[in-house]
Amino acid sequence: MKKKIFSGVQPTGNLHLGNYLGAIKNFVALQNEKDNECVYCVVDLHAITVKQDPKVLKDNIRETTAAFLASGLDYRKSIIFNQSLVPAHSEGSWILGCIARMGWLNRMTQFKEKAGKDKEKVSVGLYIYPILMAADILLYDSTHVPVGEDQKQHLELTRDIAQKFNNDFKTDIFPIPEPLILGEATRVMSLRDGLKKMSKSDPSDYSRIMLSDSEDEIVKKIKKAKTDPLPLPDNLDDAKNRPEAINLLTIYAALSDQEIGTVISEYGGKEFSQFKNDLGELASAKLSPISVEMNKLMKDENYLDSVIIKGKERAINVADPVLNKIYEIIGLFRG
Ligand code: AQP
């Protein structure tokens, strides 16, 4: 069956190994599978749910586009564009906000984590973020959405919204999209704390490997990664109780396209020092070509902007007819 794929990445800077292994690497694999139709979006309207510096936001939009291209996305095969250039996302989001229920949004753990104790002071946008995400996905008739594990709950909300819309209006306009949580590294953890997700906003640069890091920086960050004093675990059950060890083993497995069991059989019982040398070499071999290409692309703003503009036109051609149908179904004029 033909898969219609949609996914997005926020242009919030500091793109890291988690974004790559949990999302972008899978975007490329799906793009290269026969018959898939892929839409990949730089979701800048999601980014502004928290404060962004207007002076750097455009650069971050270009950086995310550059990361897509440098990782192997091809704008001739996939639609690559920037969310705010396609107004249907904001319009669709309002309509779906009238379908989603408060109780559903109140259950979103990412909002609770991001808002923390300051719930009264965060933006309304952060609260309704998953509704915009539902609009992003549903406007492209998407059947599959590749995401890291942290986005699973938001995708379930998209499914609930799609189902309720279909039921309320006795239509089958929306396919119910499936999450694609692919590969070994669906939740890459911080290099400083195996219990915390690797994230863009962690104040420590040593917590994450960035897609723009040089070979030396990658090797250094892996050498400094937190570990426990024991040799590497020799079975999966033990590994599961050692967060830093399983994180590094998972990263190795994902970067080398092996199963984690295979990596454990190779390194179980060995010292971390040897393993970290090998992981540093592997990670820099896989990631530094991306970083070199990204840095090259970042110097050519005109080219990056032209990719986004071409993608915008293609995205509008898909999203607008879907939005027209939505207006028709709910009884609104659209001229
Ligand atoms: N640590 C991770 N492991 C695996 N996948 C991850 N993703 C993010 N972090 C990890 C996946 O990357 C895609 C794009 O994410 P995003 O741009 O929406 O950013 P995010 O999830 O907000 O990224 P951060 O780093 O977690 O940002 P902050 O620090 O702001 O919270 C998604 O598919 C996501 O699952």
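Reply: Let's begin with residue classes: Ala, Val, Leu, Ile, Met, Phe, Trp, Tyr, Cys and Pro count as nonpolar, Asp, Glu, Lys and Arg as charged, and the others, Gly among them, as polar. Keep in mind that this is a predicted model. Here the shell around the ligand splits into 6 nonpolar, 11 polar and 5 charged residues.

Me: Which residues are closest to the ligand?

Reply: Those are Gln10, Asp150, Lys197, Lys200 and Ser201, out of 22 residues that surround the ligand.

Me: Where does the ligand sit?

Reply: You'll find the ligand in the largest pocket. Two elements, β1 (4–9) and α1 (17–31), each give two or more residues to the shell. The largest share, 4 residues, is from α1.

Me: What about polar contacts?

Reply: For those, look for a pair of N or O atoms within 3.5 Å. Ser201 uses an N or O atom of its side chain, 2.5 Å from an oxygen atom of the ligand. With Lys200 it's a backbone N or O atom, 2.6 Å from a ligand oxygen, and Gly148 also has a backbone N or O atom at 2.9 Å from a ligand oxygen. On its own the ligand has 660 Å² of accessible area, and the protein covers 93% of that.

Me: How many cavities of 30 Å³ or more are there?

Reply: The search of the whole structure turns up 1. The largest cavity has a volume of about 40 Å³. Its lining includes Phe111, Tyr129 and His154, and both α6 (109–115) and α7 (124–138) supply at least two lining residues. By class, that lining has 4 nonpolar, 2 polar and 1 charged residues.

Notes:
Residues are numbered from 1 along each chain as its sequence is written. This is a predicted model: local features need pLDDT of at least 70, side-chain atom pairs count only at pLDDT 80 or more; totals for chains, interfaces and linings use all residues. Side-chain values use heavy atoms; hydrogens and water are left out. On a 1 Å grid over the protein atoms alone, a cavity is a set of points where a 1.4 Å probe fits but cannot get out, and a pocket is an open set with protein on both sides within 12 Å along at least five of seven lines; lining residues have an atom within 4 Å of a point. Grid points are joined across faces, edges and corners, and a volume is the space filled by probe spheres set on the points. A residue is near a molecule or strand if one of its heavy atoms lies within 4 Å of it. A polar contact is a pair of N or O atoms within 3.5 Å; within protein, one must be able to donate a hydrogen and the other to accept it, and residues adjacent in sequence count only if both atoms are side-chain atoms. Accessible areas come from the Shrake-Rupley method with a 1.4 Å probe; for residues, only the protein chains shown count as cover. A molecule sits in a cavity or pocket if more than half of its atoms lie within 2 Å of its grid points.
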